[in-house]
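User: Could you take me through this model? I would like to go over a helix pair and a couple of residues.

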Amino acid sequence: MEITQMGIAGTMESSDIMIRLEPKETEGIELNLSSSVMQQFGKQITRVIMDTLKELDVDKVTVTAVDKGALDCTVRARVSTAVHRAANDSNYRWRTKG
């Protein structure tokens, strides 16, 4: 999916994550993550974000994520929503398995 504009999803509330995607001209994903639980779960949060972007065929994107202790399912949902908003695409492909 091609990112053509800024897309934002999530909140700064406890147990949520704010995801902001912006298009970039060069290949690859640039991820800037800050988290209140970075020491314990930073690698897992990064993995979930990157896996979700890969599943949605997203490249050439800058991701800014501010985590407040979100569960993996919330991270996936926020990333997916931000991608669809940034790609101006309303054809959601819902997953049935975790």
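Predicted model: local features only at pLDDT ≥ 70, side-chain atom pairs only at ≥ 80, totals over all residues.

User: At what angle do H1 and H2 pack?

Analyst: Helix H1 (residues 38-55) and helix H2 (residues 72-86) pack at an angle of about 40 degrees, and their axes are 9 Å apart; helices here are DSSP runs of H or I with at least four residues, and strands are runs of E with at least two. Axes are lines fitted to C-alpha atoms, for helices over the stretch in contact, and angles run from 0 to 180 degrees between N-to-C directions.

User: Which residues make the contact?

Analyst: From H1 they are Gln44, Val48, Ile49, Thr52 and Leu53, and from H2 they are Asp72, Val75, Arg76, Val79, Ser80 and Val83, where contact means heavy atoms within 4.5 Å.

User: Now threonine 52, buried or exposed?

Analyst: Threonine 52 is buried, because its relative accessibility is 4%, and buried means under 20% relative accessible area, exposed over 50% and partly exposed in between, using a 1.4 Å probe and protein chains only. Leaving aside neighbours within four places in sequence, threonine 52 touches Arg76, Val79 and Ser80.

User: And where is asparagine 32?

Analyst: Asparagine 32 lies in strand S3 (residues 29-35) and is partly exposed, with a relative accessible area of 35%. Asparagine 32 and threonine 52 are 16 Å apart in space, C-alpha to C-alpha, and 20 residues apart in sequence.

Methods: Residues numbered from 1 in each chain as written. Heavy atoms only, no water.
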